[in-house]
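Morning, everyone. Please bring up the model and keep the sequence beside it while I talk.

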Amino acid sequence: MQKIKKKKKQHKLRKTLIVLVSVFAVLAGLYTFVVYTKIPFIKNLRDAYIETAMQTMSHQWLAELFFPDDVIAEVMANVNAAQDAQQGIESEWTHKVEQKDDGSFYEMFDEIDKSSLEAYLKAHPSQNKKSLMELNINEAGLDDEGTTIKTKQGDQVLAINAKKGVLLVRVKGSNYQGVLAILKNPEDIRCCIAEHIGSYGEFLEDFVPRCKGVVGVNASGFYDADGVGSGGTVDGLTICSGKEYGYHTAYGRKRMEFRTDNKMYIVDADTKVSPNARDAVEFTPALIIDGEALIDAQSAFRSIQPRTVVSQSRDGDVMLLVIEGRLPGRSLGIGLPDCTEILLGYDAYQAMNMDGGTSSVMWYDGEYITKCSNPEIRCRYLPNAWIYG
């Protein structure tokens with residue numbers, strides 16, 4: 001009897017071991033397949049994951065834990081190659097900007113779906129003004145649901161300030177959400193430097209009122225040792241109201257300049273600064289130059305991150321895009337190919353990426369209207385900001 005029990009026990013143990021070895025073999029095979037496959041769909045997801053981890057200082061270990069060094073090196077080499085491929089491509093503005101009639105609401109705010117606005121005004125008699133150019137609707141707060149007004153692109157309108165030329169739009173996808181600010185007076189966009197630059201930065205909530213603006217977003221990157229930088233030292237050259245701060249970054253970066261003609265130009269960072277540049281920031285990469293997308297779904301720059309992008313449309317509108325990220329259940333973030341697609345939908349002619357991550361945030365009319373990626377803090381200290389108004 002003892003021998004029979006012993007044999008049964010040994011048989012059961014062998015069976016368990018066979019199952020475990022089989023499971024391990026399947027997992028090992030699956031892991032090898034995911035790591036080295038060239039099937040586009042899986043490769044794109046894998047590369048996006050590696051990009052995301054490697055471009056987030058506190059998460060790099062996740063990529064290094066699961067993927068061999070040669071695979072990580074190949075992905076990041078592709079990012080660098082895509083960045084290098086942008087060198088020599090600079091804005092020329094071959095498209096002539098057509099001046100809008102500032103007195104015609106629907107010509108100025110040509111993105112708005114007229115029927116949805118009329119329905120909203122009918123349902124909100126207090127907003128019925130003698131002139132649509134007096135409209136000041138604000139349902140953009142973090143606790144607001146937004147309006148029932150739509151853009152022609154089908155997105156929800158959050159706010160309209162006709163006198164200041166402000167239109168705020170909710171952009172949303174399956175795993176992300178954010179705000180697109182469409183600003184009608186390009187002469188009113190400017191770079192504002194932190195009050196104590198050189199020592200520490202400034203919160204966006206302080207930037208906007210001090211710089212007498214109504215809308216603000218983050219701009220340059222900054223030196224951020226161990227992820228606890230004070231925002232006091234600009235990474236790269238920045239120009240605020242004609243005054244230079246920082247210094248040129250290494251080869252591979254781009255510089256966006258707002259010049260005295262109120263157009264946004266994107267050039268290589270090592271190109272001589274235009275004598276007409278009034279405000280500028282160096283970062284990377286460019287998304288759109290002269291109406292041509294430099295980034296698409298097959299490009300690098302697919303890491304899922306909080307994002308800030310500055311853009312200008314064909315008719316001169318300045319567009320500030322902020323996408324929230326790292327907020328499970330609300331917004332995970334977005335890759336730059338998707339940012340490019342959003343902006344092209346609003347007729348972007350130039351567009352360039354700004355600093356992202358925990359720095360990405362938008363402020364409007366006295367409050368934050370996007371959430372910081374770290375819910376435990378209001379935002380980070382910033383060296384400078386794009387201010388409108």
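Cys240 is buried, at a relative accessible area of 6%. Now move to Cys372. Cys372 takes part in no disulfide. Its nearest cysteine sulfur belongs to Cys379 and sits 6.6 Å away. The cut-off for a disulfide is 2.5 Å between the sulfurs. Is Cys372 buried or exposed? Cys372 is buried, with a relative accessible area of 6%.

A word of caution before we go on. This is a predicted model.

So which cysteines do pair up? Cys192 is joined to Cys211, with 1.8 Å from S to S. The structure holds one disulfide. Where are its two ends? Cys192 lies in strand β5, and Cys211 is in the loop between α7 (204-210) and β6. The pair therefore ties together parts 19 residues apart in sequence. The angle about the S-S bond is -45 degrees, so to speak of handedness, the link of Cys192 and Cys211 is left-handed. Both Cys192 and Cys211 are buried.

Stay with β5, and look at its sheet. Five strands form an open sheet, in the order β5-β21-β6-β19-β20. The pairing is antiparallel. β5 (189-193) and β20 (367-368) are the edge strands, and each pairs on one side only.

Next, β21, residues 384-388. On one side, β5 and β21 pair in the antiparallel sense over five bridges. Arg190 stands opposite Ile387 of β21. Cys191 stands opposite Trp386. β21 is also joined to β6 (residues 215-218), by four bridges, again antiparallel. There, Asn218 stands opposite Ala385.

How many residues of β21 are buried? Five of the five, so the strand is largely enclosed by the rest of the structure. In a regular strand, side chains alternate between the two faces of the sheet. Here, Asn384, Trp386 and Tyr388 point one way from β21. Ala385 and Ile387 point the other way.

Now a helix. α6 covers residues 114-123, and its buried residues are Ser116, Leu117, Tyr120 and Leu121. They span an arc of only 135 degrees around the axis, which puts them on the same side of α6. What do they pack against? The partners are α5 (105-108), β1 (136-138) and β2 (156-161). Turned away from that buried side is a face with the exposed residues Lys122 and Ala123.

Last topic: salt bridges. The count comes to 13. I'll show three of them.

Lys184 bridges to Asp110, with the closest N and O atoms 3.9 Å apart. Lys184 is in the loop between β4 (177-183) and β5, and Asp110 is in the loop between α5 and α6, so the pair ties together parts 74 residues apart in sequence. Lys184 counts as buried, at 9% relative accessibility. Asp110 is partly exposed, at 30%.

Arg380 bridges to Asp224, at 2.8 Å between the closest N and O atoms. Arg380 sits in the loop between β20 and β21, and Asp224 in the loop between β7 (221-222) and β8 (234-235), so this pair ties together parts 156 residues apart in sequence. Arg380 counts as buried too, at 16% relative accessibility.

Glu324 bridges to Arg330, with 2.7 Å between the closest N and O atoms. Glu324 is buried, with a relative accessible area of 1%. Arg330 is partly exposed, at 28%.

One network to finish. Salt bridges with shared partners join Asp110, Glu111, Lys184 and Asp317.

Note on methods
Residues numbered from 1 in each chain as written. Predicted model: local features only at pLDDT ≥ 70, side-chain atom pairs only at ≥ 80, totals over all residues. Heavy atoms only, no water. Pairing = 2+ DSSP bridges. Buried < 20%, exposed > 50% of the residue type's maximum accessible area, 1.4 Å probe, protein only. Arc of directions from axis to C-beta. Contact = heavy atoms within 4.5 Å. Salt bridge = Lys/Arg side-chain N within 4 Å of Asp/Glu carboxyl O.
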